[in-house]
Amino acid sequence: MVDQAQLNAIELQRDGSPVPATEITLTPFTQDQHIAVFPGLAEKRYRFVLADSVPGRIVEIQSEVPSKTGNSRPRRP
């Protein structure tokens with residue numbers, strides 16, 4: 001999974017001030033040789049937003065499974 005991750009430096013607003021953060025996105029199952037067992041998950045994407053200035057560093061965790069009709073909806077735990 002680490003080899004497939006894309007890291008981007010972003011800026012968030014926290015308490016009215018800009019805060020540097022890192023956005024990590026990945027689609028870990030696109031090259032999975034066993035994806036035929038779960039074909040709907042081949043394009044599943046994950047997004048993590050981390051910031052050192054936030055307690056626990058985790059700002060957001062999101063996953064999304066694009067639909068074949070193009071209507072995808074992010075899921076936030």
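Q: What makes Leu12, Val19, Ala21, Val49, Ala51 and Val54 the largest nonpolar core?
A: These six residues make up the largest nonpolar core, a term for a set of buried Ala, Val, Leu, Ile, Met, Phe, Trp, Tyr and Cys residues joined through side-chain atoms within 4.5 Å. The model is predicted: local features need pLDDT of at least 70, side-chain atom pairs count only at pLDDT 80 or more, and totals for chains, interfaces and linings use all residues. Residues are numbered from 1 along each chain as its sequence is written, and side-chain values use heavy atoms, with hydrogens and water left out.

Q: Why is alanine 51 called buried?
A: Buried means under 20% relative accessible area, exposed over 50%, and partly exposed in between (1.4 Å probe, protein chains only). Alanine 51 has 1% relative accessibility and therefore counts as buried.

Q: Which residues is alanine 51 in contact with, leaving aside its neighbours within four places in sequence?
A: Contact means heavy atoms within 4.5 Å. On that basis, alanine 51 is in contact with Val19, Pro20, Ala21, Arg57 and Val59. Proline 20 lies 31 residues from alanine 51 in sequence, yet their C-alpha atoms are 6.5 Å apart in space. Valine 54, with residues up to four places away in sequence not counted, touches Arg14 and Val59.

Q: Where is the place of alanine 51 among the strands?
A: Helices (H or I, at least four residues) and strands (E, at least two) are DSSP runs, numbered from the N terminus. Alanine 51 is in the loop between strand 3 (45-50) and strand 4 (58-64). The protein chain has four strands and zero helices.
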